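Welcome, and thanks for taking a look. Please open the sequence and the model side by side, and then follow the briefing below.

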Amino acid sequence: MAESFWRFTNDLGQPYLIGLFHGDKDGHLVVHCNSKIVLIDFNVQHSKAYSFFIEEELCELKLDRQEAGFTYSCQINVDVDTPKNRWRKSTEETEKNYTQRAWWIAGGTFVFLIVLSILLRNVFFPKI
C-alpha cells in the first residue's frame, strides 16, 4: 500500500497533515486531513487529479502513473479564482506599490543629498 503525507500550515500557523493511502492491487484511494477523510475513490489504476479545500485554500492532489508505480503530489493552487487568491493578488499588488514608492523616495533622497553636497561644497570650498 502506497502512503504519502504533506504538511500545510495556514496563515495563522495552524498545521494540517494531509495523508494519502493508495492500495497497490485494488487501487482504492483514501485521502485524509488531520485524521478526517476528505475523499475516497475506488479502483484508481491510472493518472488522476483531485481538488479539495482546506479552509479557503484549494488543494490539488495528483496521482501520476509511472512504470514502477505511482508518484503523488499535493500543492496549493494559487492561480485559480478563489476569494483567498483574489485577496492574495490584491495584497501583492499593494505591497508592490509600497515597494515602488519606497524605491522612488530612497532614490530621490539619494539624488537630493548628492546635489546638496555638491552645492555646499561649492559654497564652503569655492574654486579659486
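Does phenylalanine 21 count as buried, partly exposed or exposed, and at what relative accessibility? Phenylalanine 21 counts as partly exposed, at 25% relative accessibility. Keep in mind that this is a predicted model. With that in hand, here is a tour by topic.

**Aromatic pairs**

- Searching the whole structure turns up 3 aromatic pairs.
- In one of them, phenylalanine 5 and phenylalanine 21 have ring centres 6.3 Å apart and planes at 90°, so the pair is edge-to-face.
- Phenylalanine 5 belongs to strand S1 and phenylalanine 21 to strand S2, so their pairing ties together parts 16 residues apart in sequence.
- Phenylalanine 5 is partly exposed, at a relative accessible area of 44%, and phenylalanine 21 is also partly exposed, at 25%.

**Salt bridges around lysine 84**

- The structure has 5 salt bridges.
- One of them brings the side chains of lysine 84 and aspartate 11 together, at 2.2 Å from N to O.
- That pair links distant parts of the chain, 73 residues apart: lysine 84 sits in helix H1 (residues 83–124), while aspartate 11 is in the loop between strand S1 (2–9) and strand S2 (15–22).
- Lysine 84 is buried, with 12% relative accessible area, whereas aspartate 11 is exposed at 56%.
- Lysine 84 also forms a salt bridge with glutamate 57, where the closest N and O atoms are 3.7 Å apart.
- This second pair again links distant parts of the chain, joining helix H1 to strand S6 (residues 57–66) across 27 residues.
- Glutamate 57 counts as buried, at 7% relative accessibility.

**A further salt bridge and a network**

- Arginine 86 and aspartate 81 form a salt bridge whose closest N and O atoms are 2.7 Å apart.
- Arginine 86 is partly exposed, with a relative accessible area of 49%, while aspartate 81 is exposed, at 57%.
- Through shared partners, salt bridges join Asp11, Glu57, Lys84 and Arg88 into one network.

**Nonpolar core**

- The largest nonpolar core has 20 residues, and the members that touch the most others are Ile18, Leu29, Val31, Phe52, Ile54, Leu61 and Leu63.
- Two or more residues of this core come from each of S1, S2, strand S3 (29–33), strand S5 (48–54), S6 and strand S7 (69–76).
- Isoleucine 54 makes contact with Phe8, Tyr16, Ile18, Cys33 and Cys59, leaving aside residues up to four places away in sequence.

**Nonpolar surface patch**

- Phe112, Leu113, Leu116, Leu120, Val123, Phe124 and Phe125 make a nonpolar surface patch of about 770 Å².
- Leucine 116 counts as partly exposed, at 33% relative accessibility.

How values were computed
Residues numbered from 1 in each chain as written. Predicted model: local features only at pLDDT ≥ 70, side-chain atom pairs only at ≥ 80, totals over all residues. Heavy atoms only, no water. Salt bridge = Lys/Arg side-chain N within 4 Å of Asp/Glu carboxyl O. Helix = DSSP H or I, 4+ residues; strand = E, 2+ residues; numbered from the N terminus. Buried < 20%, exposed > 50% of the residue type's maximum accessible area, 1.4 Å probe, protein only. Core = buried A, V, L, I, M, F, W, Y, C linked by side-chain atoms within 4.5 Å. Contact = heavy atoms within 4.5 Å. Phe/Tyr/Trp six-rings, centres within 6.5 Å; stacked < 30°, edge-to-face > 60°. Patch = residues over 30% accessible without salt bridge, like charges linked within 9 Å, V, L, I, M, F, W, Y side chains within 5 Å. Areas by Shrake-Rupley, 256 points an atom, 1.4 Å probe, with all protein chains shown as cover.
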